[in-house]
Amino acid sequence: MSYIYRDRNDAGRQLATLLTAYANQPQTLVLALPRGGVPVAYEIAHQLQLPLDVFLVRKLGVPGQEELAMGAIASGGIRVLNEDVVEHLRIPGPVIEEATRREQRELERRERLYRANAPPPIFADRTILLVDDGLATGASMRAAIQAIKHQHAAHLAVAVPVAAMPTCFLLQSEVDRLICAQTPEPFYGVGYWYQDFAQTSDEQVREQLALNRQELHEHAT
């Protein structure tokens, strides 16, 4: 029987129990997809004593059906399209380009907000634990995976509390390890599996990144 998480922090604590092999490993980084992935990833980083950062991805929503992803963009100029959705709905190229430009502006705004003047993390030769609060179509995660692969991570693992089974199957071959804690059928949607699925704020993201840095500093001294 599938479990309904209290909130994203609860999901992160439970997901961390499946990731103990990564605890205290040098060169390992927990990387969250903002905003919803950050509370999940914070709990994982907290329990495993690992640094936390964010990787910016923006979904390209179908006009009028924004929850349905026609694709996604990620830091580094990566764009992934859900070709099935684009072809089925006959979405014209100019509509895709306009959505891309709009989401690129928001991606850059969040980069500045979350990271201030700090440089983005270096992924080359590192172990990356890429975390979100769940996977529906997987468009955002696929964009993140492609972008991180371009930066030559040594090991790339994706971990989520809940996911649609077909999406897990699709991503399996794209990463070194895939941890989907639950793949309920029928799936209904990510939010169905959370009692509290309120939107994570920009301020919460900044607070949890700062708290992780403080905890690691205290642990090291």
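Is Arg 6 buried, partly exposed or exposed, and at what relative accessibility? At 44% relative accessibility, Arg 6 counts as partly exposed, where buried means under 20% relative accessible area, exposed over 50%, and partly exposed in between (1.4 Å probe, protein chains only).

The model is predicted: local features need pLDDT of at least 70, side-chain atom pairs count only at pLDDT 80 or more, and totals for chains, interfaces and linings use all residues. Residues are numbered from 1 along each chain as its sequence is written, and side-chain values use heavy atoms, with hydrogens and water left out.

**Salt bridges**

The structure holds 13 salt bridges, a salt bridge being a side-chain nitrogen of Lys or Arg within 4 Å of a carboxyl oxygen of Asp or Glu. Three of these pairs are tabulated here with the distance between their closest N and O atoms.

| Pair | Closest N and O atoms |
|---|---|
| Arg 6 and Asp 10 | 3.8 Å |
| Arg 115 and Asp 53 | 2.6 Å |
| Glu 97 and Arg 79 | 3.1 Å |

The partner of Arg 6 is Asp 10, and Asp 10 counts as buried because its relative accessibility is 3%.

Arg 115 forms a salt bridge with Asp 53. This pair links distant parts of the chain, with Arg 115 in helix α4 (residues 93–115) and Asp 53 in strand β2 (residues 52–54), 62 residues apart. Helices (H or I, at least four residues) and strands (E, at least two) are DSSP runs, numbered from the N terminus. Both Arg 115 and Asp 53 are buried.

Glu 97 forms a salt bridge with Arg 79. Glu 97 belongs to helix α4 and Arg 79 to strand β5 (residues 78–81), so this pair ties together parts that are 18 residues apart in sequence. Glu 97 counts as partly exposed at 34% relative accessibility, and Arg 79 likewise counts as partly exposed, at 35%.

A network of salt bridges links Arg 35, Glu 106, Arg 109, Arg 110 and Asp 202.

**Helix α4**

With 23 residues, α4 reaches 32 Å from its first C-alpha to its last, close to the 33 Å expected at 1.5 Å a residue; the expected span is 1.5 Å times one less than the number of residues. Among the buried residues of α4 are Glu 103, Glu 106, Arg 110 and Arg 115, as well as Ile 96, Leu 107 and Tyr 114. The buried residues of α4 pack against β2, β3 (57–62), β4 (65–74), β5, α3 (83–88) and α7 (202–220), contact meaning heavy atoms within 4.5 Å. Ala 116 follows α4 and has a positive phi, near 55 degrees.
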